[in-house]
Amino acid sequence: MAKITQQEYSEIMKQKRALFALLLKKTGVKKEEIYRLAMEEFINANWDELTTTERRKFNKLVFV
Amino acid sequence: MKGKYISVYVDSNILINYCNRIKVDCDALKYLFKKRRREVLFTSTLAIAQTIARLQTYTKKRKAYTSEQVVAMLEDVLPHFTIIDFTQQDIINALAVDCKDLEDCLHFIISRKRKCSCILTNNTKDFSAFNVDCVTPQLGVLKTKIQ
């Protein structure tokens, strides 16, 4: 099976970004909301990687 | 395919907006009712009490609902949920947490009792300090996380 060329990959990603923009517009979802959700999910899934000392630095956050 | 969030805790502002027929919240809850059984869809006695209080309050946009109207609205929506009891221990646990907003902390503590995957709320900022995933009632977002 032929691999995707760099050019083809660039084209695919260009279309994905355009599609993303279109769907954001159609659904009324803001890009910032997607980013916030992704960031918080990642943090919540991995916060147990932090040492106690590291957790203390983030004194505004509650880890339960 | 289930999607990432199996169990969902629904905040009081969603219930209030649903009863007030706000389209975004109505669409969100109707979608949730199709995708999740009662056993994994949660709210609390705290959220219900807050909903009743708000519905029976006059606002600039509407008169206060009568008791009969409030009961009818709750009878329509609450059968879809498992209702978590709000207890004295929840208050004790919330007070032990160093947080700015005690009311949101209470909802967070209550949702943790049943290990809810996420909280559905219009006020994601209010929960930003807690390690819990918060989702706004926008169908575009719900469809990616609750399938």
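Me: What share of the 64 residues of chain A counts as buried?

Reply: Buried means under 20% relative accessible area, exposed means over 50%, and partly exposed sits in between (1.4 Å probe, protein chains only). In chain A, 16% of the 64 residues make the buried class. Keep in mind that this is a predicted model, where local features need pLDDT of at least 70, side-chain atom pairs count only at pLDDT 80 or more, and totals for chains, interfaces and linings use all residues. As for bookkeeping, residues are numbered from 1 along each chain as its sequence is written, chains are lettered from A and ligands numbered from 1 in the order in which they are written, and side-chain values use heavy atoms, with hydrogens and water left out.

Me: What secondary structure does chain A have?

Reply: Helices (H or I, at least four residues) and strands (E, at least two) are DSSP runs, numbered from the N terminus. Chain A has three helices and zero strands, giving the pattern α-α-α along the sequence. Its radius of gyration (over C-alpha atoms) is 19 Å, well over the 11 Å from the globule rule for 64 residues, so chain A is more spread out than a compact globule. That rule is 2.2 Å times the number of residues to the power 0.38. The C-alpha trace spans about 50 × 35 × 15 Å along its principal axes.

Me: How do I read the size of the interface between chain B and chain A?

Reply: The size of an interface is often given as the accessible area lost when the parts come together. Here the buried area (accessible area lost, 1.4 Å probe, summed over both parts) is about 1,400 Å² between chain B and chain A, with carbon and sulfur atoms giving 51%. The contact (heavy atoms within 4.5 Å) takes 20 residues from chain B and 15 residues from chain A.

Me: Which side chains form the salt bridge between chain B and chain A?

Reply: A salt bridge needs a side-chain nitrogen of Lys or Arg within 4 Å of a carboxyl oxygen of Asp or Glu. There is one between chain B and chain A, joining A:Glu41 and B:Lys145 at 2.8 Å, N to O. On the side of chain B that touches chain A, the elements giving two or more residues are helix H6 (102–113), strand E5 (133–135) and helix H7 (139–145). Both A:Glu41 and B:Lys145 are buried.

Me: And where does A:Glu40 sit?

Reply: A:Glu40 is in helix H2 (residues 31–46) of chain A and touches B:Ser128, B:Val132, B:Asp133 and B:Cys134, leaving aside residues up to four places away in sequence. A:Glu40 also forms a salt bridge with A:Arg36 (2.8 Å, N to O). Being four residues apart in helix H2, A:Glu40 and A:Arg36 are separated by about one helical turn. A:Glu40 is buried at 13% relative accessible area, and A:Arg36 is buried at 13%.

Methods
Buried area = accessible area lost by both parts, 1.4 Å probe.
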